[in-house]
Structure formats: C-alpha cells, structure tokens
2 protein chains.
Amino acid sequence: MQDGNTQQPTQINIEASIVSGILSARIRPGTRLGESQLATLFDVSRTRIREAMMRLETRGIVTVFPRRGWYVVEPSAEEAMKVYSARRVIEFGLLRNMSHLPDAGLKMLSDHLAEERQAMAEGDRQRLTVLMADFHIRIAEIAGNEIIVETLRDLTARTILISMLYQSDFHASQSHDGHCRIFAAMQVGDFSGAAEYAVQHLNEVETGLDLTRRPDPLAALRTSLSLPPSNWKTKKEQ
Amino acid sequence: MQDGNTQQPTQINIEASIVSGILSARIRPGTRLGESQLATLFDVSRTRIREAMMRLETRGIVTVFPRRGWYVVEPSAEEAMKVYSARRVIEFGLLRNMSHLPDAGLKMLSDHLAEERQAMAEGDRQRLTVLMADFHIRIAEIAGNEIIVETLRDLTARTILISMLYQSDFHASQSHDGHCRIFAAMQVGDFSGAAEYAVQHLNEVETGLDLTRRPDPLAALRTSLSLPPSNWKTKKEQ
DNA sequence: CGTGTCAGCTTTGTATGCAAGATGGAAATA
DNA sequence: TATTTCCATCTTGCATACAAAGCTGACACG
C-alpha cells in the first residue's frame with residue numbers, strides 16, 4: 001500500500017546533489033570528489049560515497065583515477081562531439097516521434113522561454129547556462145518517455161561541463177532563438193520541422209564551442225599521457 | 001605509454017558476464033543474484049559484487065529489494081512499452097543521422113543477416129533471440145557513436161528480458177524480413193527509408209508481444225504490491 | 001642549482017564484521 | 001485441522017579496519 005521499490009533516501013541524495021550541482025553549473029569539470037571529504041560532508045561512511053560514485057561513473061559523470069581519486073569528468077573534444085552527436089540522434093528521434101503537444105506541455109515550454117528571456121535581460125550567465133540545457137530536458141519530459149529523459153539528463157549534465165570547458169563566447173540570444181523556432185514548430189504541430197530545427201540548433205551550439213581551446217595549457221599533454229585532471233585542490237563548495 | 005584509465009579487470013568481468021548472460025538469453029528475468037552466491041562464484045568479497053550490482057542497477061538491468069536481494073529485472077508491460085518507445089526514438093534518429101554506409105559496415109550487416117538465416121534454418125531459437133537483438137546494436141556500432149551504442153546495448157538487454165517474458169510465439173522470419181528491409185534501404189543510401197522501416201519493425205515486434213500475459217498468474221498482483229519476483233530458487237547456472 | 005631518493009602522509013581498494021530486516025517453518029493454540 | 005506466533009536462519013545495509021599505492025617535501029648528492 002505504501003511506496004514500492006523503497007530505496008535508501010540518502011543514497012539518492014548524494015548522487016542527486018552532485019548531479020544537480022553540475023546541472024546548475026556550480027560544480028566545475030575536473031572538480032575533485034574525495035571520498036572521505038564527501039563522507040564527512042554527508043555524514044555517512046565512505047562506503048555509501050563510493051557506491052554513489054560508482055553509479056555516477058556508469059552515468060558518465062565522474063571518473064576514477066585508480067588510487068588517486070574521483071573527479072568530475074572533463075570531456076575531451078572528441079567526447080564533446082560524441083555527446084552532441086548522441087543528443088542530435090535522440091532529440092531528433094524524439095521530436096519526430098511526437099504526435100501532439102499537450103496543453104500542459106505548451107504552457108511549460110512557453111513559461112520556460114519567458115524565463116530564458118528574463119535571465120537574458122538580467123545577464124545572469126550561470127542561470128542561462130542552466131536554462132538553455134533545461135529546455136531540452138523539458139521536451140523529453142513532455143514526450144513522456146522516462147528512459148529518454150534520464151538518458152538526456154545525463155547527457156545534458158555532460159553538455160554543461162563541456163560548455164564550461166570550451167564555451168568561449170556565449171551566444172545566448174542565438175540559442176534562445178533556436179529554442180523559439182523549435183517551440184513554434186511544435187506549437188503548430190510540425191514536429192518534423194521541430195526535429196530539423198533541433199538538429200540545426202545543436203549544430204550551432206556545437207560550432208559555437210572552441211574545441212581547440214584546452215582547459216589549461218598543459219591539458220593536451222596531460223590527456224595524451226592520460227594523467228589526472230588539473231583542478232587538484234578545487235573543493236566542492238558549500 | 002600503456003593503458004590509461006586502468007580499471008580493475010574483475011570488476012568489469014562481473015558486470016560484463018552478467019550482461020552477456022542476459023544478452024545471450026541464458027539468464028532469465030527474475031533470476032535471483034545473491035551477493036554471497038556471486039561472491040563465491042567469482043571468488044571475490046561481497047563488496048565487489050555489490051559495486052557491480054549497483055552499476056547494473058543504474059543501467060536498468062537489475063533491481064534490489066531491500067534486505068531481500070538482487071534480481072534481474074522483470075519489466076512490466078508499461079516498462080516494456082517504454083523500452084520499445086525509447087528504442088524507436090533512438091534507432092530512428094540514428095538512421096536518419098547516418099550519411100553513408102561504409103564497406104566494413106556493409107559486410108558486417110550482410111554477414112549478420114546470413115547468420116540469422118542459418119539460425120532460422122537450424123531452428124535454434126535462443127540463438128535467434130540473441131541475433132535479432134544484436135542486429136540493432138550492429139547498426140549503432142556502424143554509426144560509430146559509442147554513447148548510443150552503450151545506451152542501446154542496455155535497452156537491448158532489457159528487450160531480451162521482455163521477449164523472454166511476453167513473447168508467446170516467435171515470428172523469426174518476420175523479424176528477419178524487417179532487418180533485410182532496413183539493410184536494403186541502407187545499402188542504397190536511403191537512410192530516411194531505413195529509419196521508417198526500423199520504426200515499423202519495432203512496432204511489429206512490440207505488437208507481437210503478448211503484454212497481457214503475465215510471467216506467472218500472480219505477477220500482476222505481485223508487482224502491484226511491489227513484492228519480490230517469482231523465480232525464487234532460480235540460480236545462475238554456471 | 002638541479003636531480004634523485006626516501007620517509008611520512010594521504011587516498012583509494014578490498015575484505016570483514018555486525019546489525020537490522022525478511023523469510024520460512026515449527027510449535028502452540030483454538 | 002486451520003491459524004497465529006515466534007524463533008532460527010539467511011540476506012542485505014552500512015561502517016570500520018587494514019593494505020596498497022600515490023603524492024609531497026626534505027635531504028643528500030653531483
């Protein structure tokens with residue numbers, strides 16, 4: 001009669017708070033996630049932290065360097081392209097397979113676009129990064145397939161990390177326009193067109209990245225030697 | 001100079017051998033995966049087993065019933081539909097985003113279809129189940145996006161579990177024909193058509209399932225009360 | 001001044017121990 | 001006989017202990 005499939009609440013909170021930290025652009029790529037550090041922070045033993053880390057690792061959000069530590073991933077240029085490519089595949093298929101836009105979805109998206117406009121007016125760049133990514137998750141939520149939502153959420157987390165690494169200049173209004181085009185097409189039931197706009201939008205965002213820029217001057221050497229990331233002392237703020 | 005990103009080999013083997021057991025239809029849905037059981041089987045401590053289980057859980061392949069045990073998932077009818085829906089989205093988008101079929105891919109697919117024909121001739125149903133699922137992973141591999149490959153592999157594992165639960169009669173030749181149509185379209189560079197055929201094929205397979213059939217008569221009640229699965233004593237054969 | 005070595009500290013990897021919860025069956029009761 | 005209670009047993013949840021390996025910095029040496 002109660003909740004089925006009870007999972008221990010803290011376990012999820014550890015995972016979720018790190019993911020949400022990334023989704024809200026508070027945790028930077030390369031951030032070190034020390035086990036005992038997090039253990040004291042969440043007031044649990046290292047065991048639980050490790051479990052959360054392993055889950056996050058299979059989701060592609062953190063990496064472990066054996067005997068050295070856990071780090072938030074710093075996607076390489078190649079990985080960044082793969083992430084965008086995967087998103088193109090999924091979002092295109094998602095929109096093409098939609099048949100109609102329910103009223104709740106319409107409201108959700110138009111509210112979201114209003115938020116984007118507001119953040120642009122206020123010039124809140126961090127908030128914009130979050131909103132720009134969230135738009136795509138919203139669409140998946142409207143489509144209603146939870147599996148796709150989860151996949152896209154993890155890809156979005158990685159996208160944000162990529163933006164933090166490679167986004168030199170932030171074309172917020174261009175992105176916003178892209179979202180508006182997608183929404184407009186959805187609104188009139190042209191999901192085929194919306195899908196095309198989505199691919200086009202993702203291409204624009206991807207070409208807006210400076211994939212030759214490296215996180216730090218030594219990064220090229222570092223990654224080619226598969227050494228650990230740079231931000232050694234960066235702690236999870238809070 | 002050697003391998004970067006070294007992960008402890010056994011860890012992966014535990015996970016991989018369970019997944020491959022499912023992909024080859026040797027492990028049935030609902031199979032109990034006892035921690036100490038697996039620990040002695042793989043000759044490691046429970047800790048490692050638990051880690052592997054948690055990874056598999058985030059991949060949607062096993063579930064834990066608190067204090068009762070780990071079980072290979074038994075997808076409900078609703079979950080089955082979500083899996084097929086997600087696959088339609090991904091495979092459609094995948095084919096639509098392909099631009100050409102490399103020679104290696106062409107050979108891989110035609111070899112695969114030959115294998116399918118052979119298995120059909122021999123009437124090897126288990127092998128057919130595996131091959132039918134594998135075809136779709138092959139396509140993702142040819143497209144070359146590892147993220148999509150991984151996602152699709154996990155969805156395929158679930159698909160096989162679904163087939164084992166709900167597939168009353170097995171229309172192998174129908175599936176094979178579907179694959180041939182997709183391949184033929186790809187061969188002439190008509191990826192748009194291939195994408196349509198893929199969706200159509202997945203629809204056929206899905207409607208071929210008897211989603212009203214329950215694994216066991218009490219399953220509906222059992223799952224609605226979120227009780228543990230049925231095959232209590234089923235051990236992982238070795 | 002630069003380089004190599006080593007000790008001590010820190011961090012992860014793995015096993016083990018113990019507690020809490022769930023199950024199944026025996027025993028007691030009506 | 002049918003039903004309920006309770007205990008022995010099993011399984012997971014979580015924490016802790018210890019081992020292995022990496023890092024840092026001091027010190028010695030060229």
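**Exercise 1. With which residue of chain A does B:E57 form a salt bridge, and how far apart are the closest N and O atoms?**

Solution. Keep in mind that this is a predicted model.
- Start at B:E57 and look across to chain A: the partner is A:R55.
- Now check the gap: the closest N and O atoms of this pair are 2.2 Å apart.
- Then widen the view: the count between chain B and chain A is eight salt bridges.
- The interface also holds 11 residue pairs in polar contact.

**Exercise 2. Find which elements of chain B touch chain A, and which gives the most residues.**

Solution.
- Begin with the contacts: 34 residues of chain B meet 34 residues of chain A.
- The elements of chain B giving two or more residues to this side are α3 (46-58), β2 (62-65), α4 (77-96) and α7 (146-166).
- Of these, α4(B) gives the most, with 11 residues.
- Next comes area: the two chains bury about 3,000 Å² between them, and 58% of that lies on carbon and sulfur atoms.
- B:K82, B:V89 and B:I147 supply 18% of the area that chain B buries against chain A, more than any other three residues.

**Exercise 3. Work out how chain B is related to chain A.**

Solution.
- Turn chain B by 180 degrees, with a shift of 0.0 Å along the axis, and it can be laid on chain A with an RMSD of 0.0 Å.
- That is the relation of a two-fold axis.
- In chain B, the C-alpha nearest the axis belongs to B:G93, 2.1 Å away from it.
- The same surface serves both copies, as 100% of the contact residues of chain B recur in chain A.

Definitions and conventions: Residues numbered from 1 in each chain as written. Chains lettered and ligands numbered in written order. Predicted model: local features only at pLDDT ≥ 70, side-chain atom pairs only at ≥ 80, totals over all residues. Heavy atoms only, no water. Least-squares fit on C-alpha atoms with pLDDT ≥ 70 in both. Contact = heavy atoms within 4.5 Å. Buried area = accessible area lost by both parts, 1.4 Å probe. Salt bridge = Lys/Arg side-chain N within 4 Å of Asp/Glu carboxyl O. Polar contact = N/O pair within 3.5 Å; in protein donor to acceptor, adjacent residues only side chain to side chain. Helix = DSSP H or I, 4+ residues; strand = E, 2+ residues; numbered from the N terminus.
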